[in-house]
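Thanks for coming. Please have a look at the structure first.

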Amino acid sequence: MAEVISKEHLAHDVHHAPHEEHHHVETFINKYIFTTDHKMIARQFLFTGIFWAIIGGLFSVLFRVQLGWPDATFPVLEKLFGNWFNDGKLDPNAYYMLVTMHGTIMVFFVLTAGLSGTFANFLIPLQIGARDMASGFINMLSYWFFFLSSLVMFASLFVPTGAASGGWTIYPPLSALPQATPGSGTGMTLWLISMALFIGSTLMGGLNYITTVLNLRTRGMDLFKMPLTVWALFFTAIIGLLSFPVLLSGAVLLIFDRSLGTSFFLSDIYIGGKALGYSGGSPILFQHLFWFLGHPEVYIVILPAMGMVSEILATHSRKPIFGYKAMIFSILGITILGFIVWAHHMFMSGLNPFAGSVFTLFTLLIAVPSAVKVFNWLTTLWRGNIHLNSASLFAIGFVSVFISGGVTGIWLGNATIDIQLHDTYFVVAHFHIVMGIAAFFGMFAGVYHWFPKMFGRFMNETMGYIHFFVTFLGSYVIFWPMHYLGMSGVPRRYYSFKEFAAFSQYDDLNKVISAAAIVVFITQLVFVANFIYSIYKGRKMTSDNLNPWNSNTLEWTTPVEPGHGNWPGALPTVYRWPYDYSKNTTGPDFTPQTVPLTEQEIKELESHA
Amino acid sequence: MAEETLLKHADTHEHEGHEPFMPADEFESNSPMKVSYGKMMMWYFLLSDAFTFSAFLITYGALRVSNKWWPDPNHVFNAMPFMGHKQIPLGFVSIMTFILILSSVFVVLAVIEGHRMNKKGVLLWMLGGIAGGAAFLGCQAWEWSHLISEGLRPFFNPFVPDAQGMTHLAKSIVDPETGRRVLEMTGNMVTDAHGHKFQLGEGFGKFGGVGAFGALFFGITGFHGFHVFTGVLLNVWGFFATLSGKFEKVGHYEMIEKLGLYWHFVDLVWVFVFLAFYLL
């Protein structure tokens, strides 16, 4: 193969020699900024995602300060954040803005763009043996739409009347009437513009991920030889492609309500005793359109994490993944069921009780594929030769939090139990553990595991251990007690509980939660420091050990810093699935996908057939 | 050094008309659907866009069934340019629909000529497709401006029922005090376009008929019109790319096929929009 290439290349040189120069000038701009190399685009997504994660995390600290110490004043915060903290105390409107932006940033900018954007871009071509994405240009646009979207959202934080503050779910009428709250004006307009750009970015990214997986697999890479990361990212892209457009429709109609005076989502409304000119619209209709995206969105967030965890657990416990096909079909099951459960977010919105029972049924059915995955992870770990390091610890932590958070989902999925628990801290605890913490753990595991491939250096393991253990314990300290708060009826989204004598017994608990939130936030800065330090000063990956985790997948067959095109010579050929660990009786305990089947293996296959 | 070789290798193929870095350059692609990545991208984009339109049409259905009364399309869409006050129910929209379908047929012919590598044929039929799309947009502009002249707005609907539930176009004015558009009313009597007075149906007042009608009409046909507009621009680009010999050099007219897919999709969506607003 290599010979053929060089011959062609020589012939070509003679023909087109004058063309060569101006094609190959690698400038700073086309290498680092407007790049079409999927690996660089992945890094762009990762850096932007980390930037947003710091902002989103900081916001949660700010409103946790208010919830933990509602009577105290913090003059230093006024110095730092101006009139969000008038007289050192969080302004109620700023509180709602911070909660809204925390949700928006974490769900969309960090755990959708930062997670899928990073790892789908990085891993899909490398793990299926492709030179790049199907369309590098559209892939580049995908990042720059996300960048523009980020700029608009970031700018909205500096609007004098505040950013959007009606909740990340932007229910009308708070989002539809510019006069409803301070943040409903310019802040909300910018939110909608930003999200429209974001949807464009997701669409372009998704189109690339899907077509790349289907069309650009290397020789021998059958669909059922793909690593589970690729399967998960593939289904994630499909979910995004089919659910985000519905949010776009809802957002377009919401923009009409705001600017053209239509009444899609608004009915008769009085403000200050004066009737507004709206009639006949339905705010519930918006909730349907929103949650048709909103629910699949949680799978967009969690599936990539699941895929990476499957890969990392198998690699670091030196065992084949348990139930490879069961894993794939459970992802497929989650994908399909994920589209028909959205109304479980609306049990208390005046949903028809019969519809409630149907949605309860489908919601509880999702427990089946989720449990299949959990048992497969546990059985993969079972009696494995587990190599503990930052990557595998976060992957194991993922399984822990996914179980803890998943179990409470079975409670909330019941329409009847939801009557008691909806809009309480129980819900906050549930979704933060099962999609917030879990997805972050998956992302951290992925960063620690693939960092050497991304930057040619290793992250610091000691700092990684500190990061893991403090985050793991701290997350449980933050969210476990919230279940108790929720079960005794403490409502979410409240600015202060001083008016409720019954809730004063939780004042100290709220302090504990807030203190833990601050500690966990600071620990994330340790991760960021480790990340930046390791890019420049981390232990170097050397060309005599290109496969530090002794992994089977294709990305470890590339050079230390793969150029644009990934493999210097011909593309690798794949002969086997990616999970042949601890199969050999002698020699290394892994067999990469590029190793041809032995005669023994061929015989076994034939006897099975 | 190795990277340089690779990049050069990729460029060899770019000059021959392939995208860089396609495994097809090195061996047969293993696409399970046996289509190129570009066409597959278009199909998935259309699938995604279909969800956007579905959401709009479901919104239409939800708001329509939540209203007890809905204007009769035969009375709303009955005007025809150059025909004065002659009423031809759904006449104009039928012409519009025919034009759009015809333009889709032209694009099919352009694709066929593309398979035959007949540049002149492609140019001819693409021109037909573009003309059809532009004509459709012109018709839509006329229909919109006519309805606006009758008083229809995204937030106001002058098509109201009489006591028997029959649809009438009522005269409306802008209330100088509130600045809001209202019906011209004396008691519960309103005037129709011909100056006849009639009694307004129960449950309706000076704020006119079902507001969602105008909102949905302008919103959804507008969104569809935006797609047609984009399609015309894309087809114009395709026309000039063909003219410049771009596809001849590449060796295939797949781009025209992709444009065709988009154009047929826009056509198909119109069938559903037509069904919802004009026939039901």
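Across all chains of this predicted model, the count of aromatic pairs comes to 96. One of them is formed by A:Trp411 and A:Phe426. Their centres are 5.2 Å apart and the angle between the planes is 25°, and the pair is stacked, because planes under 30 degrees apart count as stacked.

Where do A:Trp411 and A:Phe426 lie in chain A? A:Trp411 is in helix α13, residues 390–412, and A:Phe426 is in helix α15, residues 425–455, so the pair ties together parts that are 15 residues apart in sequence.

Are these two residues buried or exposed? A:Trp411 is partly exposed, at a relative accessible area of 36%. A:Phe426 has 1% relative accessibility and therefore counts as buried, the limit for buried being under 20%.

Now to chain B. The ring centres of B:Phe77 and B:Phe217 are 5.4 Å apart, and the planes meet at 40°, so this pair is tilted. B:Phe77 sits in the loop between α3 (73–76) and α4 (91–115) of chain B, while B:Phe217 belongs to helix α6, residues 211–243. The two are 140 residues apart, and the pair links distant parts of the chain. B:Phe77 and B:Phe217 are both buried.

Last, the charges over rings. In chain A, A:Arg539 lies over the face of A:Phe458, 4.1 Å from the ring centre. In chain B, the ring of B:Phe207 has the charged end of B:Arg180 over it, at 4.0 Å from the ring's centre.

Notes. Residues numbered from 1 in each chain as written. Chains lettered and ligands numbered in written order. Predicted model: local features only at pLDDT ≥ 70, side-chain atom pairs only at ≥ 80, totals over all residues. Heavy atoms only, no water. Phe/Tyr/Trp six-rings, centres within 6.5 Å; stacked < 30°, edge-to-face > 60°. Helix = DSSP H or I, 4+ residues; strand = E, 2+ residues; numbered from the N terminus. Buried < 20%, exposed > 50% of the residue type's maximum accessible area, 1.4 Å probe, protein only. Lys NZ or Arg CZ within 6 Å of the ring centre and 35° of its normal.
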